[in-house]
Amino acid sequence: MTPSELPLVDPNSYGAVCAVVDGCLTCGDVAVPVTVVEGGDPDALCEDEHGQRGNVAVELVSPVRAGERLLVHGGVAISRIEEGT
Amino acid sequence: MKFVDEYRDAGLARALGTKIAALAEPGRHYKIMEVCGGHTHTIYKHGIEDHLPETVELVHGPGCPVCVIPMGRVDDGITIARRDNVIFTCFGDMMRVPGGDGSLLDAKAQGADVRFVYSPLDALKIARNNPDKDVVFYAIGFETTAPSTALTLMRAKAEGLKNFSVMCNHVTIVPPLKALLESPDLRLDAFIGPGHVSTVVGCRPYEFIPKDYGQPVVVAGFEPLDLLQAILMLMTQLADGRAEIENQYARAVPWEGNTRALEVMQEVFRLRPYFEWRGLGFISQSALSLTDDYADFDAELRFDVPGVRVADPKACQCGEVLKGVIKPWECKVFGTACTPETPIGTCMVSSEGACAAYYNFGRFARSKARAGA
């Protein structure tokens with residue numbers, strides 16, 4: 001899938017890293033894996049699998065550091081992804 | 001992509017299917033319910049059923065947030081959306097859910113200011129940018145989504161925003177599971193537990209299923225191999241005569257869940273005495289409303305809503321689909337009067353709805369199989 005096939009999402013919104021092609025993720029139990037680009041609190045800059053970047057609210061999993069992997073739902077990180085588990 | 005590609009390996013999927021088939025006892029029919037609509041979506045999109053023996057049947061559960069919203073609650077939202085000076089925000093699929101008198105999308109076409117957002121935090125941004133408007137967020141979803149609404153309300157309160165409110169329709173996962181297990185028209189053998197809900201609530205809330213009903217639960221991720229491995233774990237438990245909770249999705253689900261998310265939910269929400277679920281009727285303590293500390297942000301207190309119960313259309317069998325009693329294609333209007341473009345029932349709206357998932361991915365495989373039979 002190319003970025004042009006993704007739904008149009010405002011890059012300044014909390015949905016910037018939450019675009020999926022199969023429907024509305026926030027209407028479901030879908031969470032998007034992202035990588036932290038720059039740590040922060042309450043918001044951190046993250047990047048999704050398509051290279052889209054945007055702010056994610058990280059209060060529920062903070063502190064976060066660059067390189068860490070998070071699961072994001074509705075612009076809010078709800079979990080970390082732990083390697084090797 | 002890491003954590004995605006390695007869970008879509010076709011060779012491993014076939015190997016898991018072989019192991020599952022080897023565990024199936026001859027003459028026994030297994031019914032495994034995937035609670036979550038996200039799992040239903042994966043099952044149809046990736047053809048998971050093609051890897052299972054015919055005696056292992058997947059039954060689709062009620063875990064699609066859009067699908068369980070009763071029509072009366074949609075009408076209540078539309079009533080608020082049609083008020084002067086209101087900007088009404090909601091998630092994308094919710095805009096297409098039919099109420100008794102059209103959808104939010106219809107209300108938008110008729111002039112109401114209805115906007116879709118991916119995050120309640122974006123609704124909060126709209127409120128900040130439009131101080132002369134009342135901005136309402138129509139909150140739906142299980143425990144996956146409820147923390148984002150809670151966090152948004154905490155930020156709104158800290159900022160002292162006066163023009164933001166939430167119409168809360170958040171529901172909880174355990175009460176409908178209990179209702180299903182008590183249902184006389186459904187016999188199940190095991191459950192695939194919801195993955196992302198469990199990142200928040202953890203695995204403990206499902207303890208009553210093995211303890212009181214003697215059925216195994218495996219919390220699973222959303223990639224094809226996640227689901228097949230979860231089914232293998234369930235079949236292994238059934239073969240061993242065990243009934244336990246196991247966590248296949250340990251890379252994202254801590255056993256105790258996200259305690260901070262649970263704390264913010266505790267701060268902002270309380271249980272409603274009862275709530276109507278589409279297809280399941282009224283279930284006690286199954287939904288959330290705002291606590292007294294957040295009453296100023298409660299759209300149902302701020303605006304008059306009719307609160308009228310609206311009966312589902314007679315032709316629609318979403319209730320039976322949500323309970324797993326019938327398959328999507330067994331509904332009288334499936335794929336004819338009811339399609340994703342012109343949905344009659346909620347299950348045809350969301351991509352996680354069993355009818356929409358089956359319509360988009362499964363029906364071609366079924367018609368091909370029937371043609372070959």
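Predicted model: local features only at pLDDT ≥ 70, side-chain atom pairs only at ≥ 80, totals over all residues.
Local features need pLDDT of at least 70 and side-chain atom pairs count only at pLDDT 80 or more, while totals for chains, interfaces and linings use all residues. Residues are numbered from 1 along each chain as its sequence is written, and chains are lettered from A, with ligands numbered from 1, in the order in which they are written.

Chain B splits into domain 1 (5–22 + 30–64 + 191–247), domain 2 (71–170 + 272–302) and domain 3 (318–366); such bounds come from an automatic or database domain assignment. Between domain 2 and domain 3 of chain B, the C-alpha centres lie 26 Å apart. Seven residues from domain 2 of chain B and nine from domain 3 of chain B make up the contact, where two residues touch if their C-beta atoms, placed from the backbone, lie within 7 Å.

Next comes the sheet. Its four strands run in the order β4-β3-β5-β6 (chain B), open and with parallel pairing; strands (E, at least two residues) and helices (H or I, at least four) are DSSP runs, numbered from the N terminus, and two strands pair if DSSP finds at least two bridges between them. The edges are β4 (113–116) and β6 (164–168) of chain B, each pairing on one side only. From one strand to the next, the twist averages 25 degrees. Strand β5 (residues 134–139) of chain B pairs with β6(B) over five bridges, and B:Tyr138 has B:Met167 in β6(B) as its bridge partner. Helix α5(B) packs on this sheet, touching β3 (86–90), β4, β5 and β6 of chain B, and its direction makes about 170 degrees with that of β5(B).

Helix α5 (residues 120–129) of chain B also packs against α6 (residues 146–159) of chain B, at an angle of about 25 degrees and with the axes 8 Å apart. Axes are lines fitted to C-alpha atoms, for helices over the stretch in contact, and angles run from 0 to 180 degrees between N-to-C directions. α5(B) and α6(B) are therefore roughly parallel, a label for angles under 35 degrees. B:Pro120, B:Leu121 and B:Leu124 in α5(B) meet residues of α6(B) including B:Thr152 and B:Ala156.

Notes. Parallel < 35°, antiparallel > 145°, perpendicular 65-115°, else oblique.
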